[in-house]
Amino acid sequence: MPSKAKKASARKTAKAPLRERVMKGVPDDLWVKCTGCSTMLYSKELEQSLKVCQKCGYHLRLSAEERIRLLVDEGSFQERDTDLTTQDPLSFPSYKKDIARYRKQTGCADSMVWGEATIGERAIILGVSEFGFMGGSMGSVMGEKVVRAAEEAAIKRQPLVLVCSGGGARMHEGIISLMQMARTTAAMARLADAKVPYIAIFADPMLAGIAASFAFIADIIIAEPGAIVGFAGPRVVEQAYRIKLPPGSMTAEFHLAHGMVDMVLARREIRPMLVRLMNILR
Ligand SMILES: [Zn+2]
């Protein structure tokens, strides 16, 4: 392909910048298969139901842009650190290529997006995981963004809201990824010392390094129905220990029943709850 045509085709397939898409909303495929009941769902109807299956109530995964659109006052999100990118500290094979590919697919620079926004006209600091970017895994960029978001929330004395989902530390950055668990935990401790509220929203799946660091130490935890929540995923536990876990033992509902989660709310109810909380926390 001549280079001009190549460039034009790349422009066509690459996503528009995140902010632009948050404002406009871009439809995906025409039909989507429900992960819960395998029903084929018409994507326009699915958009209207906020990607919740009307047959079985399954909450399909949202992209960061969809989540932001759902939660904050229209047009209020101002993204920060849009180009923060990994330095590939271990020169891990194909990592840079993978990063470039995920950037193109998701329109996000890494697996976390953060910035300022308002919810019910109250200024907040918002961070949202992008599960579509390497499974929402935490490397140096997610760690840095979570820390910066917490620091900004403390300085501005604005509540921090983090939408947490992902499969843990990113192996491509080895120990640097694991370090982010300690860094983000320390940042949340400083935020707590500053007496600024931190609300976490757990979306499927919320596991491993993210669960064991900044996610579970939020002041208020809201989880979506049916979300897988835990440290090692159910399949890993069953294989490693050769045991059968009780049904539903790694769900949001199980954690609610055992005091690890404060509320399980349908997707449609999360924004109104945040508006209420913002009024209480004023
Ligand atoms: Zn379904």
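This is a predicted model: local features need pLDDT of at least 70, side-chain atom pairs count only at pLDDT 80 or more; totals for chains, interfaces and linings use all residues.
**View 1. Pro205 lies in strand β7.** The peptide bond between Asp204 and Pro205 is cis, with omega at about -15 degrees. Why is this worth a look? Most peptide bonds are trans. While you are at β7, look for its neighbour α8: this helix packs on the sheet and touches both β6 and β7 (198-206). The direction of α8 makes about 170 degrees with that of β7.

**View 2. The whole chain holds eleven helices and nine strands.** Step back for a moment before the next close-ups. The C-alpha atoms fill a box of roughly 60 × 45 × 45 Å along the principal axes. A compact globule of 282 residues would have a radius of gyration near 19 Å, and the chain agrees because its own value is 19 Å. Buried residues account for 41% of the chain.

**View 3. Seven strands form an open sheet with mixed pairing.** Follow the order β3-β4-β5-β6-β7-β8-β9 across the sheet. Which strands stand at the edges? They are β3 and β9 (263-264), and each has a single partner strand, so one side of each is left without a neighbour in the sheet. Strands of a sheet pair through backbone hydrogen bonds, either parallel or antiparallel. You can find both kinds here: β4 and β5 pair in the antiparallel sense, whereas β5 and β6 run parallel.

**View 4. Strand β4 is largely enclosed by the rest of the structure.** The reason is burial: six of the eight residues of β4 are buried, so the strand has the rest of the structure around it. On one side, three bridges join β4 to the antiparallel strand β3 (residues 78-80). To find this pairing, look for Gln78, whose bridge partner in β4 is Glu116. β4 also pairs with β5, over eight bridges.

**View 5. Two residues lie between the strands of the β4 and β5 hairpin.** One landmark of this hairpin is Gly120, which takes a positive phi near 55 degrees. Glu121 is in the loop between β4 and β5, and its phi is near 70 degrees, a positive value in a residue other than glycine. Most residues other than glycine have a negative phi. Is Glu121 buried or exposed? It has 9 C-beta neighbours inside 10 Å, so Glu121 counts as exposed.

**View 6. Asp81 has a positive phi although it is not a glycine.** The value is about 50 degrees. You will find Asp81 in the loop between β3 and α5 (95-106). Asp81 is partly exposed because 17 other C-beta atoms lie within 10 Å.

**View 7. Helix α6 spans residues 140-156.** How far does this helix of 17 residues reach from its first C-alpha to its last? The reach is 24 Å, close to the 24 Å expected at 1.5 Å a residue. An α-helix has 3.6 residues a turn, so residues three or four places apart point the same way. As you trace α6, look for its buried residues, among them Val146, Ala149, Ala150, Ala153 and Ala154. The buried residues of the helix pack against the strands β4, β5 and β6, and against the helices α7 (174-193) and α8 (208-215). Just after α6 comes Arg157, which takes a positive phi of about 55 degrees.

**View 8. Leu160 lies in strand β6.** This residue brings several earlier views together. Four bridges join β6 to the parallel strand β5, and Leu160 is the bridge partner of Ile125. Leu160 counts as buried because it has 28 C-beta neighbours inside 10 Å. Which residues does Leu160 contact beyond its neighbours within four places in sequence? They are Ile125, Ala149, Ala150, Ala153, Leu191, Val196 and Tyr198. You met Ala149, Ala150 and Ala153 as buried residues of α6. For a sense of distance, look for Arg235: its C-alpha atom is separated from that of Leu160 by 32 Å, and the two residues are 75 apart along the chain.

Conventions:
Residues are numbered from 1 along each chain as its sequence is written. The expected span of a helix is 1.5 Å times one less than its number of residues. A residue is buried if 20 or more other C-beta atoms lie within 10 Å of its own, exposed if 12 or fewer, and partly exposed in between; C-beta atoms are placed from the backbone. Two residues are in contact if their C-beta atoms, placed from the backbone, lie within 7 Å. Two strands pair if DSSP finds at least two bridges between them. Axes are lines fitted to C-alpha atoms, for helices over the stretch in contact, and angles run from 0 to 180 degrees between N-to-C directions. The radius of gyration is taken over C-alpha atoms; the globule rule is 2.2 Å times the number of residues to the power 0.38.
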